[in-house]
Amino acid sequence: MLFNELGLRTELETAVSEMGFEAPTPVQQKCIPIILEGNDIMGQAQTGTGKTAAFGIPAIQMLDESQKSVQILIMCPTRELAVQVSGELMKLSKHLENVGVVPVYGGQPIERQIKALKKGARIVVGTPGRVIDHLNRGTLKLDNLKMAVLDEADEMLNMGFREDIEEILDHAPVEIQKVMFSATNTPAIRSIMNKQMRDPQMITIDKQVSMDPDIEQYLVEVRDSMRSEAISRLMDVHHFQLGLIFCNTKRQVDDLLQDIRARGFSADAIHGDISQGGRDKVMKSFRNGDLDLLIATDVAARGIDVSGVDVVFNFDIPQDPEYYVHRIGRTGRAGRSGTAITFSAGRKRKNLKFIQKQAGVKLTPIPMPSMKDVEASRAEGMMSDIVEILEKGGLSSWIEHVETMAEHGYSPVEIAAACMKLQAGGEEEDSKALSQNGAGGPAKRGDSSMKSLYLSVGKKEKIRPGDIVGAIAGESGVPGDSIGEIEIFPKHTLVDVPADQAQHIIKVMNRSNIKGKKVRVKMDERQG
Ligand code: AMP
């Protein structure tokens with residue numbers, strides 16, 4: 001279901017789109033049509049599921065701005081929630097004139113609230129105590145109320161607000177629509193529901209969703225502002241090749257794309273505002289292995305089926321347990337194990353607890369990698385490259401240089417450490433230098449009986465020359481000893497093959513795997 005199927009007024013639909021919402025969340029899909037039909041409803045929903053818009057959208061849809069009176073009253077247990085809910089309603093009603101969303105809660109000077117109410121409030125969001133205060137002062141009137149919402153009703157009952165709520169509702173016409181949201185369905189909730197509501201429709205939480213047990217699921221607690229840094233470090237430390245990042249809104253996808261690209265990753269994004277052609281193009285490069293990271297909304301990612309996703313990041317906590325299961329199912333496909341990493345902090349912990357309960361999983365907390373971890377991981381990769389070069393031999397000209405430096409009083413250990421540091425600063429360039437002057441000397445490009453091919457796998461995949469020869473000979477039938485120079489770079493490999501076999505090799509290799517990684521093969525563009 002999409003928002004444009006709900007028949008919303010244009011101003012509301014525009015606002016929803018500007019908020020970056022791609023499609024109604026499951027709670028919204030269930031609740032909005034029922035509320036729009038004028039029914040009373042008791043929705044069992046947690047914070048984080050989109051419940052505010054689930055009642056906010058129909059409330060704004062039914063609002064009559066020409067009528068200067070309070071038409072919607074939303075009661076919340078805490079000042080924080082009242083502020084949050086009124087903020088969301090202000091955004092949803094942004095394109096409508098004369099709405100006037102006024103939060104009223106204890107702790108704020110009452111005069112300011114009285115002034116705001118007098119200016120023509122049509123939606124009031126308040127804590128029960130302060131709402132009663134205004135009713136008693138005559139600064140709030142509910143004679144023309146159309147809808148009352150009890151948000152986090154179970155919390156309000158736990159806090160002893162039952163009498164206050166009933167007193168407030170006594171000030172409103174009996175026939176008004178009543179909407180209640182509660183995370184739990186307790187006897188106290190049912191009792192107030194039976195007393196206050198007419199034929200309420202019940203929206204309960206779906207039964208548990210089932211999970212693929214083969215996915216390692218981790219939780220990283222970081223501040224929101226550190227999430228993209230965390231992705232960058234986790235990609236480096238765990239040597240993930242292909243990652244999928246999920247966000248809840250289109251807007252978040254766009255913002256994050258800029259950030260991730262600025263960190264040097266090859267990344268792209270898909271969401272509902274991107275044309276089908278654009279999405280196809282992105283998906284093609286994702287499948288070809290041209291991207292390190294793809295950023296997506298739940299809806300856009302629904303149709304995609306890609307193999308070889310090492311890791312799924314939940315940049316935002318999903319708004320429904322089922323979304324969580326769908327998202328992480330994108331990794332570890334075809335019998336392989338995968339990794340899912342969810343970011344959480346502060347208040348979001350509660351949402352995540354709920355998801356874990358419903359999905360029957362437990363996320364293992366892991367720390368965000370430190371810069372030291374990133375360095376150690378880079379050093380580890382470098383050391384295995386160094387061992388490879390040592391094993392290949394052919395270092396005599398380099399040894400001479402090192403000996404000259406040693407004569408200047410540097411120890412071999414110091415010289416090696418400096419080389420590693422140099423390498424860490426400019427991996428791509430330096431590895432080219434090492435490779436071209438290493439084992440086999442400079443590659444003999446330009447031999448017309450050979451063509452150079454580009455393969456999209458390299459040191460990051462721990463590819464060795466034997467893997468390349470084995471794969472090409474095995475897939476194409478070209479004898480191993482006819483394969484020429486092989487240069488392995490961090491992310492790609494160049495290999496010389498007999499010129500008359502080059503097209504055949506490209507064709508067969510483009511469908512195959514090397515070390516479990518799908519490989520893209522093409523002519524090396526640097527040759528004539
Ligand atoms: P709530 O459960 O109302 O606290 O909402 C949690 C978050 O989800 C808020 O930041 C909302 O703005 C956001 N949200 C609500 N509806 C949607 C939607 N359909 N798509 C994406 N985000 C949403």
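Predicted model: local features only at pLDDT ≥ 70, side-chain atom pairs only at ≥ 80, totals over all residues.
Let's step back to the strands around them. Strand S15 (residues 450-455) and S20 run antiparallel, with 3 bridges joining them. They belong to an open sheet of 4 strands, ordered S16-S17-S15-S20, with antiparallel pairing. Strands S16 (486-488) and S20 (521-523) stand at the edges with a single partner strand each, so one side of each has no neighbour in the sheet. From one strand to the next, the twist averages 30°. Helix H21 (residues 502-509) packs on this sheet and touches S15, S17 and S20; its direction makes about 155° with that of S20.

Now for the aromatic pairs, which number 3. One of them is phenylalanine 3 with phenylalanine 21, a tilted pair at 6.4 Å centre to centre and 35° between the planes. Phenylalanine 3 sits in the segment before helix H1, and phenylalanine 21 in the loop between H1 and H2, so the pair ties together parts 18 residues apart in sequence. Phenylalanine 3 is buried, at 5% relative accessible area, and phenylalanine 21 is buried at 18%. Phenylalanine 313 and phenylalanine 343 make a stacked pair, 6.1 Å centre to centre with 5° between the planes. Since phenylalanine 313 is in strand S12 and phenylalanine 343 in strand S13, the pair ties together parts 30 residues apart in sequence.

Finally, look at aspartate 151, in the loop between strand S5 and helix H7. Aspartate 151 is buried, with a relative accessible area of 0%, and its contacts beyond four places in sequence include Lys51, Cys76 and Phe181.

Definitions and conventions
Residues numbered from 1 in each chain as written. Heavy atoms only, no water. Pairing = 2+ DSSP bridges. Helix = DSSP H or I, 4+ residues; strand = E, 2+ residues; numbered from the N terminus. Axes fitted to C-alpha atoms, helices over the stretch in contact; angles between N-to-C directions. Contact = heavy atoms within 4.5 Å. Buried < 20%, exposed > 50% of the residue type's maximum accessible area, 1.4 Å probe, protein only. Phe/Tyr/Trp six-rings, centres within 6.5 Å; stacked < 30°, edge-to-face > 60°.
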